[in-house]
Amino acid sequence: MSVLTRDEAQTRAELLDVHRYTIELDLTSGDDTFGSRTAIRFSARADGDTFVEVKPAELRSVALDGQPLDPEALDGNRLPLKNLTAGEHELRVHAHMRYSRTGEGMHRFTDPTDGETYVYTQLFLDDVQRVFAAFDQPDLKAVFELSVKAPEDWTVLANGITEHTGNGLWQAAPTPLISTYLVAVAAGPWHSVRTEHRGLPFGIHCRRSLAPYLDTDADELFEITRQCYDRYHEKFDEPYPFDSYDQAFVPEFNAGAMENPGLVTFRDEFVYRSAVTDTERQTRAMVIAHEMAHMWFGDLVTLKWWDDIWLNESFAEYMGYQTLTEATRFTDTWTDFGVARKSWGYDADQRPSTHPVAPEAVDDTASALLNFDGISYAKGASALRQLVAWLGEKDFLAGINTHFARHKFANATLADFIDNLASATERDVHAWADAWLRTTGVDTLTPRVAPGEHGTCALTVDRAGSRPHRIAAGLYDRDLGDDGGHLVLRERLHLDLPQSAPHPIGKRPALLLLNDGDLTYAKVRFDPESFETVRKDLSGLPEPLTRAVVWNALRDAVRDGELAPAAYLETARAHLPLETDLAIVQGVLAFASTHIADRYVTPEERPAALATLSELCRDLIRRTEDGDNPGLRLIAVRHRIDVAAHPDTIAAWLADGTVPGGPELDPELRWRVLARLAVLGATDETAIAAELDRDPSATGQEGAARCRAALPDPEAKARAWEAMFASDELSNYLFTATAAGFWQPEQADLVREYVPRYYADAVAVADRRGPAIAGAVGRDAFPAHAVDTDNLRLGEECLRDADPVPALRRKLIDQLDDLSRALRVQGSRTDQEPQNT
C-alpha cells in the first residue's frame, strides 16, 4: 500500500476541488465484509491525472462520468484517474470492504456477554480508504451525505442527525465541509440516553450490556458536557458548528477518543463497571472537554497537512484542562496534568525520536502517524500554557477567535495561526513560535543562591537550553508553630528567563522552588538546602500543584541518574502516606512500581523495592480504615496487589471477595488479584476459567487472556506467543492483554529464550497486521523487563537490518532508548545527593 506524500497532496489539492460525497454502506452482507458505494462530485481546475484511494476486499465497479473504468487498474490502494479534463466530474465506486478487528477502518465487535454485534468507524489518519473511496487528505474538505443499511434492531449514528426511513435504512443529515478522516458511523443495538441543551440534541450511547453503568453516570456525563459546551461558547465567538452532539462509548477503541464532528467516539472503559477514583472521573471529564474543543480546533478549522497536528491536539489538550478547571467541579486538573500527562512529553522529548511541536519534515502520512505522541499533546499543551502566561489570556483568545473567523470550514497552517495571534498583541509571537515550536528537547533550570549583605540572598537561575521562560519561583519558610513540618509560602517571584541580573530574595528560604505553579515546560533542579527541605518536609507544602512540581523534579533526577532510586522510594515512603491529592498518589506509585521496581533497580535490589512499596501501600490502607477516602484506599489496594511478592494476603482477599474493611472485590480487582497470583504461580487454568464463567464480559475475556499469558508455565507461554505472533485471530485488545501478561520480571529465566525471538516475530506481525498492531507490538509486547546489554544489542541489530515498518520502528527506537536509560540508572548507584538535584 502506498502512503500519501506531502508533495502528492499539494499537487492533488492544486488540481481538484471536492464538493460532495454520497456514500451508501450495507452492513447486512455478512460477518467479514460490508458493501460500500461512493459517488464523489468534484471539479478539476485543469487537465491532468490524479488518483483516488480505496482499500477494498473486492473492487466491484468504477465509473467516471458514466464511463466504466477497469477495477484491475487498482494499484495497492490507489485507483488512477487519467486524462481528467478541466470542469465538473462524478466518480462512482462500488466495493466490498473488510471489517477490522484492529480498531482501524470499520471495526466489528461481538459482545461475549450477550452475543450482540456492533460496528464503528475510526478513519484517522488515512483509514477512510478501508470504508469508502476518497481523496484522502485533510485539505480536500467536502460535504458528506451518508446512508446505511443495517439489521432491523440496530440504531445508526453518524456525524449528522440520523433518521430511520424503514426496512433497516438510515439516512444521515449532510455534513458541513469536513475532512475525510472525520467522517464517522457507529451502528448496532445501542443503549442510548438523550437530552437537549440550548436547542441542540445531545446523546450518549453504549453497548446494551453496559446500559446499567451508563445510566448510573448519565447525569454526570451530561452535566460535564453542558458545562464545557457553555464555557466554550463564552470563550469562542464562533458557535458550535454542527447539528447535534453524540458521544458513543465503543468497544476495543485504540485511542482515548476521536473528535468526529457531531459523533465523538470514546473507548468504552470510560463506562465504569467497577469502582474508580475521583481522579479517574476527572480524566474522563477531561477527555470530554478535550474532544469538544476539537469541534473548533480540528473540525471547524483543520490543519492543511499533518505537520501541523499540534494545531489540533495541543490546543484541545490545553483547552480541555483549562476549561474543566474553569467550568466544572474538577478545579485542580492541572495537578493531574503535571503528574500524569506532562511526564509523557518530557520522556518523549529526551529520546532520539523527538521532534518539534510543529515539525517541518513530515513528508508522508506514515511519518505523520508517528507524531501523535507526548510532544504533540503534553509538550504542546505546556507550550500553550506558557504562551498564555506570557501573552495574557485576553490577547490569546482574541487571536484564536480571529483564527476561527478567517478559516472556518477551511484549512490553516502554523503560519496562519501565528499571524492571527500576532494581530492581537504587540509581542513578538513569531519569535516565540520559533523558540518554542520549532525546537526540540527539554530545558533544565537550576537555582543559584548567593549570599549578600545583612543576611540577604540573591537568586540566579541557570538555564540549560535556549527557550525564554516566564516562571514563578516559590520561596517557602518553615512554619514554626506547634505542628511543625509545614511550609509556608512567603512569596512567589515572577521571573523572565534569561535573567538580566540576580534577583534579591531577602533571607534564605527553606525551599526555593522554580516553576512553582508549573506554568512552563522545563526540568527543574534544587539547590542543596532546598533538597534537604524536600526530603524532610515535602508533604508539608500547602498546594498540590506545588507538590506535583517537586515530585516531577525528583522523577527527572532519578531518570537522569542524579538521584538514587532508593532515595526516591524513601521519600515516597515518608511523604506519600500524608498526601491528600489522588493524582499525586497514583502518579508516584505508578512511577515507583513500573519504572523503579521493574526497571531501575537491579534484580537483586527488586525484592527490597517491592517490600518498600508494599509497606507504603499498607500505610495508606491503614490510613483509610475509617472510610473517609475511598479513592485513596482503592489506589492503595490496587498497588498493594500489583507489588505483592507473596500470594497469601491477596489470595485471601480473593477467597473472601473483599479486602478487610473494604472494598469488596469488584470485577476489576478480582482480575487484578488473579493476574498477580498467576505471576507468582499461585493459581491455575481452572481458577482462571472459573473467574471467566463469573465474568464472561469483554473485559473478562481480556483479564483471562492476561492471566493465562502470565502463568509461569512453558506451555502457557508457548500458547500466548503463538496467539500473538503466529496467529492473526487476536483483536487489538486481546493482543494487548496477552502481551501484558507475558513478560514478568519474576519470570525472567522462563522467558529468556523469547527475547531474541521477539525481534524477528515482531517485524513479521507488524508488517502483516498493520499500524495499530505494530504499535501494540512495540509498546505492549516489548521485553522491557530485560534490562541488559544483550536485549539492547538485539534491538539495535533489528533496527539496522530488519527494516521494521515505521510504526514499529518508532516504538523500538523509544523502547531501546528507555532500556539504555535504565541501564545507565542501574550503573549510576550512589547514595550521594548531587550538588543540585
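**Reading the terms in a predicted model**

Mentor: R470 stands opposite D496 in β25. The model under discussion is predicted.

Trainee: What makes β24 and β25 a pair of strands?

Mentor: Ten bridges join β24, residues 469-478, to β25. A pair requires at least two bridges, so the term applies. The two strands run antiparallel.

Trainee: Which strands are edge strands in the sheet, and what makes them so?

Mentor: The sheet is open, with three strands in the order β25-β24-β27 and antiparallel pairing. Its edge strands are β25 (487-497) and β27 (511-514), each of which pairs on one side only. On average, neighbouring strands of this sheet are turned by 20° against each other, direction ignored.

Trainee: Which helix lies across this sheet, and how is the helix oriented to β27?

Mentor: Helix α12, residues 544-559, lies across β24, β25 and β27, and runs at about 85° to β27.

Trainee: Why is the contact of D278 with R329 called a salt bridge?

Mentor: The closest N and O atoms of D278 and R329 are 2.9 Å apart. The cut-off is 4 Å, so the pair qualifies. D278 lies in helix α3 (residues 278-294) and R329 in the loop between α4 (310-327) and α5 (333-349), so the pair ties together parts that are 51 residues apart in sequence.

Trainee: Is D278 buried, exposed or partly exposed, and what makes it so?

Mentor: D278 has a relative accessible area of 36%. Buried means under 20% and exposed over 50%, so D278 is partly exposed.

Trainee: How do you know that R508 and E529 also form a salt bridge?

Mentor: Their N to O distance is 3.8 Å, which is within 4 Å, so the pair counts as a salt bridge. R508 is in the loop between β26 (503-507) and β27, and E529 is in helix α11 (residues 528-537), so parts that are 21 residues apart in sequence are tied together. R508 is partly exposed at 27% relative accessible area, and E529 is partly exposed at 45%.

Trainee: Where do E797 and R793 lie, and how many residues apart are they?

Mentor: Both lie in helix α25 (residues 789-801), four residues apart, about one turn of the helix.

Trainee: Why is α15 called roughly antiparallel to α16?

Mentor: Helix α15 (residues 606-623) and helix α16 (residues 630-642) pack at an angle of about 150°, with their axes 9 Å apart. Angles over 145 degrees count as roughly antiparallel, so the term applies to α15 and α16. Their crossing is left-handed. Residues making the contact include S614, C617 and L620 of α15 and L632, A636 and V637 of α16.

Terms used
Residues are numbered from 1 along each chain as its sequence is written. This is a predicted model: local features need pLDDT of at least 70, side-chain atom pairs count only at pLDDT 80 or more; totals for chains, interfaces and linings use all residues. Side-chain values use heavy atoms; hydrogens and water are left out. Axes are lines fitted to C-alpha atoms, for helices over the stretch in contact, and angles run from 0 to 180 degrees between N-to-C directions. Contact means heavy atoms within 4.5 Å. A salt bridge is a side-chain nitrogen of Lys or Arg within 4 Å of a carboxyl oxygen of Asp or Glu. Buried means under 20% relative accessible area, exposed over 50%, partly exposed in between (1.4 Å probe, protein chains only). Angles under 35 degrees count as roughly parallel, over 145 as roughly antiparallel, 65 to 115 as roughly perpendicular and the rest as oblique. A crossing is left-handed if the near helix is turned anticlockwise from the far one by less than a right angle, and right-handed if clockwise.
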